[in-house]
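Let's take a walk through this fold together, one element at a time.

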Amino acid sequence: MPHTTSAWFFFGDSLTQGVNDALMPGGWVSRLAVLAHEAGLCPIPRATFYNLGARRHSTAKIAARWRSELENRLIPGMVTRLVFCTGVVDMAAPGGGQPADPQQAATLMDQLLAEAAIVAPTLVISPPPIKDAAANARIGQLGKLQQQLCAKRGIAFAQVYDFLADANDYMNDLSDGLHPGSQGCALMAQTLMAQECVRAFMRAAQ
């Protein structure tokens with residue numbers, strides 16, 4: 001009998017990539033994997049985690065690439081799970097230009113989820129807060145819209161914005177105004193693991 005491998009695919013921008021975490025490459029994604037392993041949810045090995053965050057990738061860019069990146073990594077017997085954490089690039093426009101409208105970004109996310117939910121179990125994580133107040137207002141609004149979309153489609157949703165925006169340890173760790181360092185990434189991973197929907201999602205197939 002071939003072994004079953006459970007694999008989690010994390011799609012997002014540079015915050016998902018963990019670009020500011022000097023202690024653990026992969027940031028909160030790697031830290032969440034370790035916490036889930038330690039909790040006995042997805043033992044390593046055989047559980048596999050793909051961090052597919054990319055700098056300055058908006059919801060539209062993630063929507064255009066996630067399917068091909070998933071298919072290029074599939075192996076026989078793999079049980080896949082999809083995780084999306086997107087929206088900071090849309091709302092903050094760190095590469096220049098105008099921020100997107102939250103409703104527009106939510107519409108793109110809805111189109112993405114319509115396809116993703118057919119492919120594999122899916123979890124959406126709200127975009128986390130940043131330092132800029134105006135961008136934060138848009139990020140918070142987008143997170144609420146994403147939550148509504150997930151409720152409509154029966155997709156798991158993890159709220160981190162509301163918790164982290166009020167957490168001094170997280171907000172003070174945004175040294176460049178956008179990306180958490182090691183402390184912030186650890187706090188985000190802990191915030192996720194505290195939610196039942198995340199723990200259920202991180203439980204490997206038996």
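Helix α5 covers residues 102–119, 18 residues in total, and its first and last C-alpha atoms lie 26 Å apart, close to the 26 Å expected at 1.5 Å a residue. That expected span is 1.5 Å times one less than the number of residues. Helices here are DSSP runs of H or I with at least four residues, strands are runs of E with at least two, and both are numbered from the N terminus. You are looking at a predicted model, in which local features need pLDDT of at least 70 and side-chain atom pairs count only at pLDDT 80 or more, while totals for chains, interfaces and linings use all residues. Residues are numbered from 1 along each chain as its sequence is written, and side-chain values use heavy atoms, with hydrogens and water left out.

At the start of α5, a side-chain oxygen of D101 comes to within 3.0 Å of the backbone nitrogen of Q103. Further along, the buried residues of α5 are P102, A105, A106, M109, D110, L112, L113 and A116. Buried means under 20% relative accessible area, exposed means over 50%, and partly exposed is in between, using a 1.4 Å probe and protein chains only. An α-helix has 3.6 residues a turn, so residues three or four places apart point the same way. What covers the buried residues of α5? The cover includes α3 (59–71), β3 (78–85), α4 (88–92), β4 (122–125) and α6 (133–153). Contact here means heavy atoms within 4.5 Å.

Two of those covering elements are strands, so let's turn to the sheet. Five strands form an open sheet in the order β2-β1-β3-β4-β5, with parallel pairing. Its edges are β2 (48–53) and β5 (156–158); each has a single partner strand, so one side of each is left without a neighbour in the sheet. From one strand to the next, the twist averages 20°. Two strands count as paired if DSSP finds at least two bridges between them.

Strand by strand, β1 is joined to β3 by eight bridges and to β2 by six. Within these pairings, F11 stands opposite F84 in β3, and F10 stands opposite N51 in β2. Three bridges then join β3 to β4, where F84 has V124 as its bridge partner.

How many of the residues of β1 are buried? Eight of the eight are, so β1 is largely enclosed by the rest of the structure. Both of its faces are covered, with T5, A7, F9 and F11 buried on one side and S6, W8, F10 and G12 buried on the other.

α3 lies across β1 (5–12), β2 and β3, and runs at about 160° to β1. α6 lies across β4 and β5, running at about 160° to β5. Those angles are taken between N-to-C directions on a scale from 0 to 180 degrees, with axes fitted to C-alpha atoms, for helices over the stretch in contact.

Now for the aromatic rings. The structure holds six aromatic pairs. The rings of F11 and W66 have centres 6.4 Å apart and planes at 75°, so this pair is edge-to-face. It joins distant parts of the chain, with F11 in strand β1 and W66 in helix α3, 55 residues apart. W66 also pairs edge-to-face with F84, at 5.8 Å centre to centre and 90° between the planes. Rings of Phe, Tyr and Trp (its six-membered ring) pair if their centres lie within 6.5 Å; planes under 30 degrees apart count as stacked, over 60 as edge-to-face and the rest as tilted. F11, W66 and F84 form one aromatic cluster. W66 counts as buried because its relative accessibility is 1%, and F84 does so at 0%.

Back on α6, have a look at Q146. Q146 is buried, with a relative accessible area of 2%. Leaving aside residues up to four places away in sequence, Q146 touches T86, M109, V124, I125, S126, P127 and F157.

Finally, visit α9 (residues 182–193). Its twelve residues should span 16 Å at 1.5 Å a residue, and its end C-alpha atoms are 17 Å apart, which agrees. Nine of the twelve are buried, so α9 is largely enclosed by the rest of the structure. The buried residues are S182, G184, C185, A186, M188, A189, T191, L192 and M193.

Note on methods:
Polar contact = N/O pair within 3.5 Å; in protein donor to acceptor, adjacent residues only side chain to side chain.
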